[in-house]
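The sequence and structure are shown first.

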Amino acid sequence: MGELKFIGGIMLVVIFSIAVISYVANFSSDNSAEVTISDDSSFDALNQDLQNNVTLFSQQTNTSAKAFYDSTIASGDSTTTTGGQFKVGLGTSLTTIQGILSLTKNKIFGGSPAFGYVLTAILSFLLYSGVRYVWKTWKGGDPD
Amino acid sequence: MSLYEMPNLSSGMDEAIIGTASAVPGFAPMFLLFVFFVVFLGGMGSQKRRIGTADAPMWAVVSSLSVLMISLALSLREGLIQTEVLGVVVAVTLLSGLWLFTSRNKNEV
């Protein structure tokens with residue numbers, strides 16, 4: 001299923017990012033490195049944001065799963081009215097990607113607002129793809 | 001006035017490298033860029049020759065992780081690498097991961 005692959009891919013990005021930042025920070029700490037990214041607070045902030053978003057994603061999934069488990073569909077209904085169980089995860093997971101792209105903009109391109117447009121375009125495309133996936137899963141067919 | 005003064009090799013090879021890095025500030029970033037593209041282009045070329053297609057996102061992750069490992073080793077001594085360079089290397093690694101994990105088709109990772 002496309003939506004599972006999409007959200008799964010974003011979750012892997014988040015876990016990969018947490019692992020890389022934590023490894024680099026802990027390597028510097030364990031070996032008393034002279035140069036460490038712990039001197040730069042933006043990495044710690046991004047790592048904390050990613051971990052918070054993963055926790056939020058877990059809580060939202062639990063809430064949504066319980067609502068889905070308790071829900072019933074009357075005979076003849078083709079779909080739910082809100083589609084809440086299909087929309088979970090998209091908002092919080094894309095917030096994590098926004099954090100990664102912001103850090104990339106600040107560290108590689110010095111926070112240049114000109115490059116912000118490119119990263120905004122990437123994020124918008126991911127959001128657009130996610131909305132298409134959710135629509136297809138919830139309503140069926142293409143949203144046209 | 002000489003263009004470049006030889007570093008003191010009697011105090012160890014790391015001192016010579018630090019001397020080079022202090023004389024030429026772009027030494028460490030250029031070295032890391034060289035390693036990145038050697039692994040990236042070499043890996044892609046080798047894979048393309050073997051199976052006909054090259055998996056660019058995967059080689060981007062492999063090469064950026066290689067550069068990250070070298071950067072961590074360089075970060076143990078003062079003067080070899082700056083915090084800004086280490087930050088860029090980590091940011092490139094995260095971007096490569098983003099590229100890899102959002103580029104898979106449904107039969108892959």
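The sections below treat the nonpolar core, the helix pairs, the contact between the chains and a few single residues.

## Basis of the model

This is a predicted model, in which local features need pLDDT of at least 70 and side-chain atom pairs count only at pLDDT 80 or more, while totals for chains, interfaces and linings use all residues. Residues are numbered from 1 along each chain as its sequence is written, and chains are lettered from A and ligands numbered from 1 in the order in which they are written.

## The nonpolar core

The largest nonpolar core comprises 44 residues, and B:Val89 and B:Val90 have the most contacts inside it. Such a core is a set of buried Ala, Val, Leu, Ile, Met, Phe, Trp, Tyr and Cys residues joined through C-beta atoms within 7 Å. At least two residues of this core come from each of α1 (2–30), α2 (41–70) and α4 (90–108) of chain A, and from each of α2 (27–51), α3 (56–74) and α4 (83–101) of chain B. Eleven residues, the largest share, are supplied by α4(B). Helices are DSSP runs (H or I, at least four residues), numbered from the N terminus.

B:Val89 touches B:Leu32, B:Val67, B:Leu68 and B:Ser71, with residues up to four places away in sequence left out of the count. Contact here requires C-beta atoms, placed from the backbone, within 7 Å of each other.

## Helix packing within chain B

Two packed helices are described by the angle between their axes and the distance between the axes. For α2(B) and α3(B), the angle is about 150 degrees and the axes are 9 Å apart. This makes α2(B) roughly antiparallel to α3(B), a term for angles over 145 degrees. Axes are lines fitted to C-alpha atoms, for helices over the stretch in contact, and angles run from 0 to 180 degrees between N-to-C directions.

The crossing of α2(B) past α3(B) is right-handed; a crossing has this hand if the near helix is turned clockwise from the far one by less than a right angle, and is left-handed if anticlockwise. Among the residues that make the contact are B:Leu32, B:Phe36 and B:Phe40 of α2(B), and B:Trp59, B:Val67 and B:Ile70 of α3(B). By class, this contact has 14 nonpolar, five polar and no charged residues. Ala, Val, Leu, Ile, Met, Phe, Trp, Tyr, Cys and Pro count as nonpolar, Asp, Glu, Lys and Arg as charged, and the others, Gly among them, as polar.

## Helix packing within chain A

In chain A, the axes of α2(A) and α4(A) come within 9 Å and cross at roughly 170 degrees. The two helices α2(A) and α4(A) are therefore roughly antiparallel to each other. Residues of α2(A), including A:Leu46, A:Asp49, A:Asn53 and A:Phe57, meet residues of α4(A), including A:Thr92, A:Thr96, A:Gly99 and A:Leu103. The contact of α2(A) with α4(A) divides into five nonpolar, nine polar and one charged.

## Contact between the chains

Chain A contributes 26 residues to the contact, and chain B contributes 23 residues. On the side of chain B that touches chain A, the largest share, 13 residues, comes from α4(B). That side divides into twelve nonpolar, seven polar and four charged residues.

The helices α4(A) and α4(B) pack at an angle of about 140 degrees, and their axes are 9 Å apart. Their crossing is left-handed. Contributors include A:Ile97, A:Ile100 and A:Leu103 of α4(A), along with B:Val88, B:Ala91 and B:Leu95 of α4(B). The contact of α4(A) with α4(B) has ten nonpolar, two polar and one charged residue.

A:Val20 lies in helix α1 of chain A and is buried, with 20 other C-beta atoms within 10 Å. A residue is buried if 20 or more other C-beta atoms lie within 10 Å of its own, exposed if 12 or fewer, and partly exposed in between. A:Val20 touches B:Val90, B:Thr93 and B:Leu94. A:Val20 and A:Asn47 are 27 residues apart in sequence and 9.6 Å apart in space, C-alpha to C-alpha.

A:Ser32 is in the loop between α1 and α2 of chain A, and its phi is near 50 degrees, a positive value in a residue other than glycine. With 8 other C-beta atoms within 10 Å, A:Ser32 is exposed. A:Thr72, in the loop between α2 and α3 (84–87) of chain A, also counts as exposed, with 5 C-beta neighbours inside 10 Å.

Technical notes. Contact = placed C-beta atoms within 7 Å. Parallel < 35°, antiparallel > 145°, perpendicular 65-115°, else oblique.
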